[in-house]
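Here are my notes for you on this structure, point by point. Keep the viewer open while you read, and look up each residue as it comes along.

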Amino acid sequence: QEAAKYEKKVLVLDFVKPTPLGNSWGLGGTCVNVGCIPKKLMHQAALLGQALQDARKFGWQFTEEVNHNWMTMTESVQNYIGSLNWGYRVALREKSVTYENAYGEFVGPHTVKTTNKRGVEKLYTAERFLIATGERPRYLGIPGDKEYCISSDDLFSLPYCPGKTLVVGASYVALECAGFLAGLGLDVTVMVRSILLRGFDQDIANKIGEYMEEHGVKFIREFVPIKVEQIEEGTPGILKVTAKSAKGNKIMEGEYNTVLLAIGRDSCTRNIGLDKVGVKINEKTGKVPVNDEEQTNVPYIYAIGDILQDKLELTPVAIQAGRLLVRRLYAGATSKCDYVNVPTTVFTPLEYGACGYSEEAAVEKFGEENIEVYHSHFWPLEWTVPSRDNNKCYAKIICNIQDNERVIGFHVLSPNAGEVTQGFAAAMKCGMTKEQLDNTIGIHPVCAEV
Amino acid sequence: MGWEEKQVRGYSEFVRTAQSYHGRPIFALFCGDKDAEGRSWCPDCVTAEPVVRKELHNMPDGSVFIYCLVGDRAYWKDPNNEFRKNLKLTGVPTLLKYGTPQKLVEEECYKAELVRMLFTED
């Protein structure tokens, strides 16, 4: 849309290869269809369940038991996503951007071939190309994985309640899904090969795991599934999972209605003809290395989003990179995308917002003696009356002593962590120091005043 | 087989008609009432109607096009009218594909390309 503003003739190719179970979706990419949007809505559904429980302590009286209907929630979520898909179609059309629901691949210099779902092929040429093909969930490569397991691609539109679920993985996707499924009242177990939330501050990752465990999510640590079999067909059916210890030879088995795989995502860069135009990718990971102007090794081909090597996999990052890139190309702008101090939030039952360095990364980069960590547990006022945990919420900042105690890492574990973190991220972008933070008077009574 | 048109007035007649065609693709255009000379009080509706009519042949076979007059201006302005409350309409004209989140509102309705897209979208 940005390029069309500058009167460029633009063609968008968006095509979703159906999941092994046949699932597909509309225009908008992962975030809109099978990521952030449905995830946050379902996380909210789970939070509301908790709120209903708290409500009684605040004086609301209702006698019936409160139950959750998966289909009602899923239909509403999918309806909303449908309106987003439609909105994008209208927006592209209004800006005269041509859209084709077709699979694109390079066949030669400056040329792509598109194939739609009916198999009809077309050829297009262009002056420049932008690759933003994103990623898809990885499968385990064990017997029964593609036939019986689902991934996040299937979860948000599952036409039946998943029931007793085994979530395989310890990524934020795994924990967020496990979190809201448990919040909706389902029996959830998470099978983890080693650590939780690799790449995130481990001190916080462990607190998140503890909180989830105390609130009904079961964890099986240091095991990996080796086989999935179907015991009974159905929606959902019954699956038997056999797992082996990651550290020895112990074998265990379990039965679940649904097995959700969330062990990582792989870039969609292998089958789009990049070799035909000479674009180098990291053979091992499939990621695309780019310079700080998002340009690949082929000058007229650019890339943004999750497929980039060594860059954060977040929707707003991709959007920002894309907009700035187009402005640089067609409007004479010079700003490059700033990948430093990008705030993020993990929407586990107890939300985690972060910006900047984790404690481990800060120690590694600056040395333990050069950083100072300030931290605090706190008890949100809203949790006091319903007697919810009084020592779980937590905030910490990491400061660089050598640079005026500049705040280089911000971490908060609390309700609405995303909302809290956004403001602090802006402050960190301005180079906030500990002293400035101390001099900022807090809003009371809110979690953020800590 | 082509398509057919039904003209209705008011919310209950609209719902009854839409339900009677359950199973077929239903497109609906909501406009303000017309006076004795056939002119609507809603200027955008006046502009949109011919544009929409010109694109009707793009609807899939077997479609039903419901042309619905919502009422007079006063009724429409009431924030609690049934169209706003139940169908979540926010303005007239509105052209929508019944039972889906796909719709066009106000000035979107007189852009032929958008209308065509609504009628032909999968």
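1. Let's begin with a rule for charges and rings: a charge sits over a ring if NZ of Lys or CZ of Arg is within 6 Å of the ring centre and within 35 degrees of the ring normal. A:Lys207 does this, with its charged end over the ring of A:Tyr394, 4.4 Å from the centre. Over the face of A:Tyr374 you'll find A:Lys434, at 4.0 Å from the ring centre.

2. A word on what you're looking at: this is a predicted model, where local features need pLDDT of at least 70 and side-chain atom pairs count only at pLDDT 80 or more, while totals for chains, interfaces and linings use all residues. Residues are numbered from 1 along each chain as its sequence is written, chains are lettered from A and ligands numbered from 1 in the order in which they are written, and side-chain values use heavy atoms, with hydrogens and water left out.

3. How many disulfides are there over all chains? Taking a disulfide as a pair of cysteine sulfur atoms within 2.5 Å, the count is one. B:Cys42 and B:Cys45 are the partners, with 2.4 Å from S to S. The torsion about their S-S bond is about 80°, so this disulfide is right-handed.

4. Are those two cysteines buried or exposed? Buried means under 20% relative accessible area, exposed means over 50%, and partly exposed is in between (1.4 Å probe, protein chains only). B:Cys42 is buried at 4%, and B:Cys45 is buried at 1%. Now try A:Cys177, which is in no disulfide: the nearest cysteine sulfur belongs to A:Cys36 and is 12 Å away. A:Cys177 is buried too, at 2% relative accessibility.

5. Next, check the prolines for cis peptide bonds. One runs from A:Thr235 to A:Pro236, with omega near 0°. A:Pro236 is in the loop between strands E12 (223-232) and E13 (238-245) of chain A; helices (H or I, at least four residues) and strands (E, at least two) are DSSP runs, numbered from the N terminus. In chain B, the bond from B:Val92 to B:Pro93 is cis, again with omega near 0°. B:Pro93 belongs to the loop between helix H4 (82-87) and strand E4 (94-97) of that chain.

6. Which residues have a positive phi without being glycine? A:His110 is one of them, at about 60°. You'll find A:His110 in the loop between strands E3 (102-108) and E4 (111-116) of chain A, partly exposed at 30%. Another is A:Glu222, with phi near 65°. A:Glu222 sits in the loop between strand E11 (218-221) and E12 of chain A.

7. Last stop, the aromatic rings. Rings of Phe, Tyr and Trp (its six-membered ring) pair if their centres lie within 6.5 Å; planes under 30 degrees apart count as stacked, over 60 as edge-to-face and the rest as tilted. Over all chains there are 13 aromatic pairs. Among them, A:Phe15 and A:Tyr103 are edge-to-face, at 6.2 Å centre to centre with 85° between the planes. A:Phe15 is in the loop between strand E1 (11-13) and helix H2 (29-34) of chain A, and A:Tyr103 is in strand E3 of chain A, so the pair ties together parts 88 residues apart in sequence.
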